[in-house]
Amino acid sequence: MAKKEQTKKSSSNEIRYYGLGRRKSSVARVYIKPGTGKFLINTKEAKQYLNSDILIKDALSPFEVTGTQNTFDIIVNVNGGGLTGQAGAIRLGIARGLLEASNNEYRNKLKDAGFLTVDSRVKERKKYGLRKARRARQFSKR
């Protein structure tokens, strides 16, 4: 079970909401706070880090569903996996952070859009005697 989200107060007395997201082998720790829509991933701007508008739009889609675009600043620490998995982990973390910020006001909207469901698909492990998880050597009858 995922770690429970918790409200954190920083030293400057501003409220931050926390959400943890996982996708494939990526883990994203997401902090959202009321602001103007600034989006930082590993201390870089989101456009520099993710390189793709599609991935950024995917990561920010919980804000579109709840109608809260540009009302929160997002600070993300993410590691592991590739950019697509990291964008999915960020999306789940943002959705969980929004739940914490809204006291479950957006729960139905986020749940209907499928943003609170953890995607449990991971790469299958390689088996001995095979080239990959299921790929066997080519068979020749002669």
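View 1. Strand 3 (26-34) and strand 6 (72-79) run antiparallel and are joined by eight bridges. R29 is part of the picture too, standing opposite N77 in strand 6. A word on terms: strands (E, at least two residues) and helices (H or I, at least four) are DSSP runs numbered from the N terminus, and two strands pair if DSSP finds at least two bridges between them. Residues are numbered from 1 along each chain as its sequence is written. Since we're looking at a predicted model, local features need pLDDT of at least 70 and side-chain atom pairs count only at pLDDT 80 or more, while totals for chains, interfaces and linings use all residues; side-chain values use heavy atoms, with hydrogens and water left out.

**View 2. Strand 4 meets strand 6.** Here the strands run parallel, with three bridges joining strand 4 to strand 6. I75 turns up again, as the bridge partner of L40 in strand 6. Zoom in on V76 and you find contacts (heavy atoms within 4.5 Å) with A28, R29, V30, F39, L40, I41, N42 and I90, leaving aside neighbours within four places in sequence.

View 3. In soluble globular proteins, nonpolar side chains tend to be buried together. A nonpolar core here is a set of buried Ala, Val, Leu, Ile, Met, Phe, Trp, Tyr and Cys residues joined through side-chain atoms within 4.5 Å. Buried means under 20% relative accessible area, exposed means over 50%, and partly exposed is in between, with a 1.4 Å probe and protein chains only. The largest core has 28 residues, and I32, F39, I41, I74, V76, I90 and L110 touch the most other members. Strand 3, strand 4 (39-41), helix 1 (46-50), helix 2 (53-59), strand 6 and helix 4 (83-102) each supply at least two of its residues. Which element gives the most to this core? That would be helix 4, with seven residues.

**View 4. The hairpin turn at K24.** Seven bridges join strand 2 to strand 3, and the two run antiparallel. R22 has V27 in strand 3 as its bridge partner. The two strands form a hairpin with two residues between them. K24 sits in the loop between strand 2 (15-23) and strand 3, with phi near 55°, a positive value in a residue other than glycine. Is K24 buried or exposed? K24 counts as exposed because its relative accessibility is 54%.

**View 5. Another positive phi, at N103.** N103 isn't a glycine either, yet has a positive phi of about 55°. Look for N103 in the loop between helix 4 and helix 5 (107-113). Its relative accessibility is 67%, so N103 counts as exposed.

**View 6. R23 and D119.** R23 is in strand 2 and counts as buried because its relative accessible area is 16%. Its side chain makes a polar contact with the side chain of D119 at 3.5 Å. A polar contact is a pair of N or O atoms within 3.5 Å; within protein, one must be able to donate a hydrogen and the other to accept it, and residues adjacent in sequence count only if both atoms are side-chain atoms. Leaving aside neighbours within four places in sequence, R23 is in contact with G85, G88, A89, D119 and R121.

**View 7. E124 and R134.** E124 lies in the segment after helix 5 and, at 37% relative accessibility, counts as partly exposed. What does the side chain of E124 make a polar contact with? The partner is the side chain of R134, at 3.1 Å. Beyond neighbours within four places in sequence, E124 is in contact with A133 and R134. E124 and G82 are 42 residues apart in sequence and 16 Å apart in space, C-alpha to C-alpha.

**View 8. T68 in its loop.** T68 is found in the loop between helix 3 and strand 6. At 7% relative accessibility, T68 counts as buried. Not counting residues up to four places away in sequence, T68 touches F63, L98 and Y106.
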